[in-house]
Amino acid sequence: MIKTCVTCGKTFIGHHRQLNCSHECTVKYNTEQRKIYSRLQSTKERSIYMRRIRDNPIICEFCGKAVPRQYEIRKKPRAHEHCIVNACRQYLIEGQRVPNSLYQRFYALGYTIEELREEIENETKR
Ligand SMILES: [Zn+2]
Ligand SMILES: [Zn+2]
């Protein structure tokens with residue numbers, strides 16, 4: 001019967017279970033299948049990992065509530081974004097210097113102290 005090769009798309013004469021036209025295409029096809037399989041495995045591993053994360057929530061060091069880990073797997077937030085911002089804001093309102101460790105985390109969120117300072121100034125004007 002006339003078949004179409006699943007790898008290269010050429011038509012060839014083969015029996016009904018034959019998927020590829022040549023040995024080369026069979027090898028290519030098997031390699032591709034293995035790749036897909038290994039990808040599935042890592043997805044499975046990822047879902048196990050995500051479940052473990054869900055069962056062991058991270059506690060925010062500022063407010064003591066669980067921090068949802070919707071972020072990248074490797075990035076481990078130990079505080080809510082708004083808690084980090086609020087902590088910084090508190091230092092600024094009190095006219096104190098923001099500790100370096102907090103500043104770095106605040107900066108990592110994509111904010112700048114200048115922005116926050118401006119925000120506070122605008123709020124107090126109102
Ligand atoms: Zn082929
Ligand atoms: Zn928090």
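Predicted model: local features only at pLDDT ≥ 70, side-chain atom pairs only at ≥ 80, totals over all residues.
Trainee: Which residues in helix 2 meet helix 4?
Mentor: From helix 2, Cys88, Arg89, Leu92 and Ile93 meet Leu116, Arg117 and Ile120 in helix 4. That contact has five nonpolar, two charged and no polar residues. Two residues are in contact if their C-beta atoms, placed from the backbone, lie within 7 Å. Ala, Val, Leu, Ile, Met, Phe, Trp, Tyr, Cys and Pro count as nonpolar, Asp, Glu, Lys and Arg as charged, and the others, Gly among them, as polar.

Trainee: At what angle do helix 2 and helix 4 pack?
Mentor: About 65°, with the axes 10 Å apart. Axes are lines fitted to C-alpha atoms over the stretch in contact, and angles run from 0 to 180 degrees between N-to-C directions. So helix 2 and helix 4 are roughly perpendicular. Under 35 degrees counts as roughly parallel, over 145 as roughly antiparallel, 65 to 115 as roughly perpendicular and the rest as oblique.

Trainee: And what about helix 2 with helix 3?
Mentor: Their axes come within 10 Å and cross at roughly 130°. Helix 2 and helix 3 are therefore oblique to each other.

Trainee: Which residues are they?
Mentor: Ile84, Val85, Ala87 and Cys88 in helix 2 meet Leu102, Arg105 and Phe106 in helix 3.

Trainee: New topic. Which residues form the largest nonpolar core?
Mentor: Five of them: Val67, Ala79, Ile84, Cys88 and Phe106. Such a core is a set of buried Ala, Val, Leu, Ile, Met, Phe, Trp, Tyr and Cys residues joined through C-beta atoms within 7 Å. Buried means 20 or more other C-beta atoms within 10 Å of its own; exposed means 12 or fewer, and partly exposed is in between.

Trainee: How much of the chain is buried?
Mentor: Of its 126 residues, 6% count as buried.

Trainee: Is Arg17 buried or exposed?
Mentor: Exposed, because it has 6 C-beta neighbours inside 10 Å. Arg17 lies in the loop between strand 2 (11–13) and helix 1 (23–55). Helices (H or I, at least four residues) and strands (E, at least two) are DSSP runs, numbered from the N terminus.

How values were computed:
Residues numbered from 1 in each chain as written. Chains lettered and ligands numbered in written order.
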